[in-house]
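Please view the sequence and structure first, then read the points below.

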Amino acid sequence: CISSISFSHDSQIIATTSIDGALKLWQINTGEELNIEASEIIVAKFSEVSKSLICGTSDGIIQIWHCD
């Protein structure tokens with residue numbers, strides 16, 4: 001079950017999180033799932049002004065990933 005969804009600033013990638021802590025990135029044009037190593041992520045949000053993905057973990061840690 002998806003718990004959060006966020007579109008990249010250029011609308012090319014969707015980030016989804018699920019209740020089991022999985023983070024997935026999807027290429028919008030192709031529907032392809034992009035490889036990413038992450039776990040325990042409960043929420044993810046793309047920055048509206050930069051190429052960053054901000055994630056929150058189940059143990060309260062905030063992670064910021066810079067996407068190219």
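Predicted model: local features only at pLDDT ≥ 70, side-chain atom pairs only at ≥ 80, totals over all residues.

Leaving aside neighbours within four places in sequence, Lys24 is in contact with Ile14, Ala15, Thr16 and Glu33.

**Lys24 and its setting**

- Lys24 has its place in strand S3, which covers residues 23-27.
- With a relative accessibility of 33%, Lys24 counts as partly exposed, since the partly exposed class lies between the buried limit of 20% and the exposed limit of 50%.
- Lys24 and Asp10 are 14 residues apart in sequence, and their C-alpha atoms are 17 Å apart in space.

**The chain as a whole**

- The protein chain has 0 helices and 7 strands.
- Followed along the sequence, its pattern reads β-β-β-β-β-β-β.
- The radius of gyration of the protein chain is 11 Å, close to the 11 Å that the globule rule gives for 68 residues, so the chain is as compact as a globular protein of that length.
- The C-alpha trace spans about 30 × 25 × 20 Å along its principal axes.
- Of the 68 residues in the protein chain, 29% are buried.
- Among contacts between residues at least 6 apart in sequence, 21% join residues at least 24 apart.
- The chain exposes about 4500 Å², and carbon and sulfur atoms supply 55% of this area.

**Strand S1: Ser6 and Phe7**

- Ser6 lies in strand S1, and Phe7 lies in strand S1 as well, at residues 2-7.
- Ser6 counts as buried because its relative accessibility is 3%, and buried means under 20%.
- The side chain of Ser6 reaches the backbone nitrogen of Phe46 at 2.8 Å.
- Apart from neighbours within four places in sequence, Ser6 is in contact with Ile13, Ile14, Ala15, Ala44, Lys45 and Phe46.
- Phe7, by contrast, is partly exposed, with a relative accessible area of 48%.
- Phe7 also belongs to a nonpolar patch on the surface, formed with Ile2, Ile5 and Ile28; together these residues have about 390 Å² of accessible area.

**Strand S6: Ser52**

- Ser52 is found in strand S6, which covers residues 52-57.
- With a relative accessible area of 6%, Ser52 is buried.
- The side chains of Ser52 and His66 are joined by a polar contact of 3.1 Å.
- Not counting residues up to four places away in sequence, Ser52 touches Lys45, Phe46, Ser47, Ile64, Trp65, His66 and Cys67.
- Ser52 and Gln12 are 40 residues apart along the chain, and 13 Å separates their C-alpha atoms.

**Loop residues with positive phi**

- Most residues other than glycine have a negative phi.
- Ser11 has a positive phi, near 60°.
- Ser11 lies in the loop between S1 and strand S2 (13-18), and its relative accessibility of 42% makes it partly exposed.
- Glu40 also has a positive phi, near 65°.
- Glu40 lies in the loop between strand S4 (33-34) and strand S5 (41-46), and at 47% relative accessibility Glu40 counts as partly exposed.

Notes: Residues numbered from 1 in each chain as written. Heavy atoms only, no water. Helix = DSSP H or I, 4+ residues; strand = E, 2+ residues; numbered from the N terminus. Rg over C-alpha atoms; globule rule 2.2 N^0.38 Å. Buried < 20%, exposed > 50% of the residue type's maximum accessible area, 1.4 Å probe, protein only. Contact = heavy atoms within 4.5 Å. Areas by Shrake-Rupley, 256 points an atom, 1.4 Å probe, with all protein chains shown as cover. Polar contact = N/O pair within 3.5 Å; in protein donor to acceptor, adjacent residues only side chain to side chain. Patch = residues over 30% accessible without salt bridge, like charges linked within 9 Å, V, L, I, M, F, W, Y side chains within 5 Å. Salt bridge = Lys/Arg side-chain N within 4 Å of Asp/Glu carboxyl O.
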